[in-house]
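Trainee: I've got a model open and I'd like to learn how to read it. Can we go through a few features together?

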Amino acid sequence: MKDKADILTFLDTAKPFYTTHNCSAQSVWGLVNGLKIIDGGLQISPSLWRRAKTADFTTAYISSQELAGQHQYLQTTDDIALMDERYYFGAASRPERDRLALRQALALLGRSEPMFILLIKNGSHFPYDLQIRHEVLERFASLPAKSQRERSYLLSIYENTFRFLAELFRHQQVRDSRIFYLSDHGQDLSKSGFSHCNSDAPKIAEWKVPMLLHNVRKPPLSNMELYDAIVDALGFRPTQASSISAELGDVMIYGSLNNRLGADIKQYRPSD
């Protein structure tokens, strides 16, 4: 219990947090590029990679989902060129991917120079059983849950979030760092429909995600402020346009983001 209490003193939780998009690639792209929705249109800012390099950080990309050279989060060639170091663990077994990624992140944080690290976890992704060690599935086979799907989801969170964070915060170099920990999208555990990335009739659970912050001076109050909060942690002031757009509060969208192809931005409202 002492370890758990120590960890919790370093984490802040607030009201439910929502991502901007219910699909992985668009959500990550939106965060990295400071996606704003202003007057019904898209606005982006300099990428976090460019911001970090401008602030003289050594930049590193760690992915537990991708194979080397096979980026799946809409990264541009400019993004990749601004990553000083890249590490990929998509070839490892699913239960081991995040452990390997964590080990690499800890090694980078042990350096003397300032580091900006973007870590894409394998996390709690469907199919959930594949993300969990077999012995854990057996040990908690009787865990109370509404369904086997929900049980597997809860166990994947135990394995890939609680255990991950417990190991992360055992290290002093981490406690001295600024950390934003969240999911790229949520999960709809109902029997019908996709778990996420539903382009026809999405549910709010597809946007609802955990938000854990450590050493963050200005916590974001909405998903429109998340980019600005990270930029602030890098030493920049948010732009005037960013400050104006933040007044909109949470914006939850789905479908295509490419206006130039004639696609409409579809915005989700919980009252719909």
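**Reading the model**

Mentor: Let's begin with the link between Cys23 and Cys197, a disulfide with 1.8 Å from S to S (the term is used for a pair of cysteine sulfur atoms within 2.5 Å). Keep in mind that this is a predicted model, where local features need pLDDT of at least 70, side-chain atom pairs count only at pLDDT 80 or more, and totals for chains, interfaces and linings use all residues. Residues are numbered from 1 along each chain as its sequence is written, and side-chain values use heavy atoms, with hydrogens and water left out.

Trainee: Which parts does the pair Cys23 and Cys197 tie together?

Mentor: Cys23 sits in the loop between β1 (17-18) and α2 (24-32), and Cys197 in the loop between β7 and β8 (208-209), so the pair ties together parts 174 residues apart in sequence. Those labels are DSSP runs numbered from the N terminus: helices are H or I with at least four residues, strands are E with at least two. The link is right-handed, with 100 degrees about the S-S bond.

Trainee: Is Cys23 buried or exposed?

Mentor: Cys23 is buried, at 4% relative accessibility, while Cys197 is partly exposed at 32%. Buried means under 20% relative accessible area, exposed over 50%, and partly exposed in between (1.4 Å probe, protein chains only).

Trainee: How do I read a sheet?

Mentor: Strands of a sheet pair through backbone hydrogen bonds, either parallel or antiparallel. Here, three strands make an open sheet in the order β5-β4-β6, with parallel pairing; two strands count as paired if DSSP finds at least two bridges between them. β5 (85-88) and β6 (115-120) are at the edges with a single partner strand each, so one side of each has no neighbour in the sheet. Four bridges join β4 (residues 58-63) to β5, and Ile62 stands opposite Tyr87 in β5.

Trainee: In which sense do β7 and β9 pair?

Mentor: Strand β7 (residues 179-182) and β9 pair in the antiparallel sense, over four bridges. Ile179 stands opposite His214 in β9. In β9 (residues 211-214), Met211 and Leu213 point one way, Leu212 and His214 the other way, and all are buried.

Trainee: And a helix?

Mentor: An α-helix has 3.6 residues a turn, so residues three or four places apart point the same way. In α5, the buried residues include Asp98, Ala101, Leu102 and Ala105. The buried residues of α5 pack against β4, β5, β6, α7 (148-168) and α8 (172-175).

Conventions: Contact = heavy atoms within 4.5 Å.
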